[in-house]
Amino acid sequence: MQAWQVHENGEPSEVMRLAEVEPPIPGDGQVRLRVRAANVNFPDALLCRGQYQVRPPLPFTPGVEICGETEDGRRVIANPALPYGGFAEYALADARALLPAPDSLDDAEAAALHIGYQTGWFGLHRRARLEAGETLLVHAAAGGVGSAAVQLGKAAGATVIGVVGGAKKAAVARELGCDVVVDRSSEDVIAAVKEATGGRGADVIYDPVGGEAYAQSAKLVAFEGRIVVVGFASGTVPSPALNHALVKNYSIMGLHWGLYNTKNPKLVLRCHEELTDLAARGAIKPLVSERVPLGEAAAAVQKVADGRSTGRIAVVMEGAA
């Protein structure tokens, strides 16, 4: 089979190599899946660079989120078991963690429903307890993680403010349903959000960026607001001033979605059921901006790593829906 492999750490476009390899053999509790579509995530770039919290042995195949097909023909969503990731014709996955792919979504959309939307659901509902009528601010609102949070926020009845970088991404954020869009490349984010909220700020802030975005969040969070930290795409991990959280009366919440797979897997299934229902009703629909063949996977991962993508890029196999 064909599979992309990483033999040494570095930038995805430099270290990912397409090779002809033997199909992986399932271990105990694992199944082999024919990959129909693999979604490109920022962690794929971190894996290539050797900067992710999980470091699979070299060589490995990246690709942490797929829509695949079981031997009996079922379409499923899975997180491949590294080192046999999704940028290949076949991948391995934990048999107990397979989720049914929603009939309302094609393969690329189904692959993109998993990590970003589960993270958004847990962050907004399980951690921040977002309520209808509240104001939600989403950093990087046109990206894969941010676009999912925007849709979930709108589905929950929140007023959504999207912060983006550039006119193209601003247009995408508006199409996603953001009530207010702030272009950080041409606007003062703090002034624009304060104006939009009458000086009150946002009840919930969803931050997959870190760095300067977090510094803005601390200035924009409302009384009794909640900042949900889900990642550091900027490359800078902020150091929160806890005295500021105390005097302003807000909460800082971390979210590592992957922990729920071991700490509370039943909640992951419940979340998937709710996401499937929302997708069937048309309340959410993964924004797949590009569909590329397997041969272009390395370029796609690099594009995401460089922050040049909107929504999700999916690697789609020949014959996929």
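Are Phe-122 and Tyr-260 buried or exposed? I looked them up, and both are buried (buried means under 20% relative accessible area, exposed over 50%, partly exposed in between, with a 1.4 Å probe and protein chains only).

**Ground rules.** I am working on a predicted model, where local features need pLDDT of at least 70 and side-chain atom pairs count only at pLDDT 80 or more, while totals for chains, interfaces and linings use all residues. I number residues from 1 along each chain as its sequence is written, and side-chain values use heavy atoms, with hydrogens and water left out.

**Aromatics.** I found 2 aromatic pairs in the structure (rings of Phe, Tyr and Trp, the last by its six-membered ring, pair if their centres lie within 6.5 Å; planes under 30 degrees apart are stacked, over 60 edge-to-face, the rest tilted). Trp-121 and Phe-122 have ring centres 5.0 Å apart and planes at 80°, so I log that pair as edge-to-face. Both of these residues are buried. For Phe-122 and Tyr-260 I get centres 4.1 Å apart and planes at 35°, so that pair is tilted. Phe-122 sits in helix 4 (residues 115-127) and Tyr-260 in helix 10 (residues 260-263), so the pair ties together parts 138 residues apart in sequence. I note Trp-121, Phe-122 and Tyr-260 as one aromatic cluster.

**Ser-217.** I looked here next. Ser-217 lies in helix 8 (residues 212-220). Its relative accessibility is 1%, so Ser-217 counts as buried. Leaving out residues up to four places away in sequence, I see Ser-217 touching His-139, Ile-205, Asp-207 and Ile-227 (contact means heavy atoms within 4.5 Å).

**Whole chain.** I count 12 helices and 15 strands in the protein chain (DSSP runs numbered from the N terminus: helices are H or I of at least four residues, strands E of at least two). The radius of gyration is 19 Å, close to the 20 Å that the globule rule gives for 321 residues, so the chain is as compact as a globular protein of that length (taken over C-alpha atoms; the rule is 2.2 Å times the number of residues to the power 0.38). Along the principal axes, the C-alpha atoms fill a box of roughly 60 × 40 × 35 Å. Buried residues make up 53% of the 321. Of the contacts between residues at least 6 apart in sequence, I have 66% joining residues at least 24 apart.
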